[in-house]
Amino acid sequence: MSIITRRPYRGEADLDAIANLINTCETLDQLEEGTSVTELQQSFDDPSIDKQRDLFLWQDADDQLIGFSRLWIVPIDTVIDGFLGFRVHPTARSGDLDEQIIAWAEERLRQVSRERGLPVKVRCGSRADKTDRIAILERCGFKRDRYFFTMVRSLQEPIPEPRFPEGFTLGYSKGEQDAQAYVELYNQTFIDHWNHHDVTVERILHELQYPYYKPEFDLIAVAPDGTYAAFCYCRINPEENQRNRRSEGEIAVLGTRRGFRQQGLGRAMLLAGMQQLQAAGMETAKLGVDAKNLSGALRLYESVGFSTVKTHIGLVKELSAVG
């Protein structure tokens, strides 16, 4: 039996090896989830990640990296959700390394449960056609919980002109200057969505450090009284586009605040975001949506030409209460 050891993340010295592992897996898995050192560093600098306890590496007897895992644990809430992401090198997939990683995640989350005195769930995802991964998760006690679609739309086709309700204006985020107002907008927008967890000012400030963040892609609809009523946050990742040989932009977040819905703001903001991506030279736009979204988002996206290209499954395992 080969010897496998695990250890915590040691900082920047590990970034190259982790990126190489993920990209080696991507060559086989074709998930369009490759990465770079720059992207990893930004992701790991999330203020809610405890780098010594939430990022772990698995090595073989020759100290070669064969597995990597990360947990993003909801900072504050009444139930602890831990979102597990992991990769196993193709040469190590015949053993039980997947199960070891999942066991580590459960151990870590039970530790958090003891610290906070709250129940805990571990969540993980898979593309719907990756049956081997789904089988491993289900064998470890996970149950299918939710389905999500990735949708795309050509930006080489005409985009209808956004129409805003009378008195509403289209503006841009002012970054750190209005981070608190942005947090309130976000949380009031998604408060009644499935599995919502409030964001914090610290998390928004972290997002502003995204290497390719541009204020002109961070659109906000302002009500006549100055209230932030809706938003559309777009991103272009040139590294991802180069890896996938595409010219694609993402509608990363779109939503309308409570009290301002049913006025066409969501559609107007979506179209405005698409126009920004088109003006930046992108050929396609992509977005993700909860298949059971109750706000009508799926119908909205289909109405302006988006179509589903991938399905992802969210799986969950409830851990027994600790303490």
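1. In helix α2, the residues that are buried are Glu39, Leu40, Gln42 and Phe44. The model is a predicted one, and the points below should be read with that in mind. These buried residues of α2 pack against the helices α1, α3 (51–54), α7 and α8 (238–244), and also against the strands β2 and β3 (65–73).

2. The packing of α2 on α1 can be described in more detail. Helix α1 covers residues 15–29 and helix α2 residues 37–44, and their axes come within 9 Å and cross at roughly 110°. Because angles of 65 to 115 degrees count as roughly perpendicular, α1 and α2 are described as roughly perpendicular to each other. On the α1 side the contact is made by Leu15, Asp16, Ile18, Ala19 and Ile22, and on the α2 side by Val37, Leu40, Gln41 and Phe44.

3. Turning to the aromatic side chains, the count comes to 15 aromatic pairs. One of them is formed by Phe56 and Trp104, a tilted pair with 5.3 Å from centre to centre and 45° between the planes. Since Phe56 lies in strand β2 (residues 55–59) and Trp104 in helix α4 (residues 97–116), the pair ties together parts that are 48 residues apart in sequence. Both Phe56 and Trp104 are buried.

4. A second example is the pair of Phe148 and Trp194, whose ring centres are 5.9 Å apart and whose planes stand at 55°, so that this pair, too, is tilted. Phe148 lies in strand β6 (residues 143–154), whereas Trp194 lies in the loop between α6 (179–190) and α7 (201–207), and the pair therefore ties together parts that are 46 residues apart in sequence. Phe148 is partly exposed, with a relative accessible area of 25%, and Trp194 is likewise partly exposed, with a relative accessible area of 32%.

5. Aromatic residues also occur in a group, as Tyr182, Tyr186, Phe190 and Phe231 form one aromatic cluster.

Key
Residues numbered from 1 in each chain as written. Predicted model: local features only at pLDDT ≥ 70, side-chain atom pairs only at ≥ 80, totals over all residues. Heavy atoms only, no water. Phe/Tyr/Trp six-rings, centres within 6.5 Å; stacked < 30°, edge-to-face > 60°. Helix = DSSP H or I, 4+ residues; strand = E, 2+ residues; numbered from the N terminus. Buried < 20%, exposed > 50% of the residue type's maximum accessible area, 1.4 Å probe, protein only. Axes fitted to C-alpha atoms, helices over the stretch in contact; angles between N-to-C directions. Parallel < 35°, antiparallel > 145°, perpendicular 65-115°, else oblique. Contact = heavy atoms within 4.5 Å.
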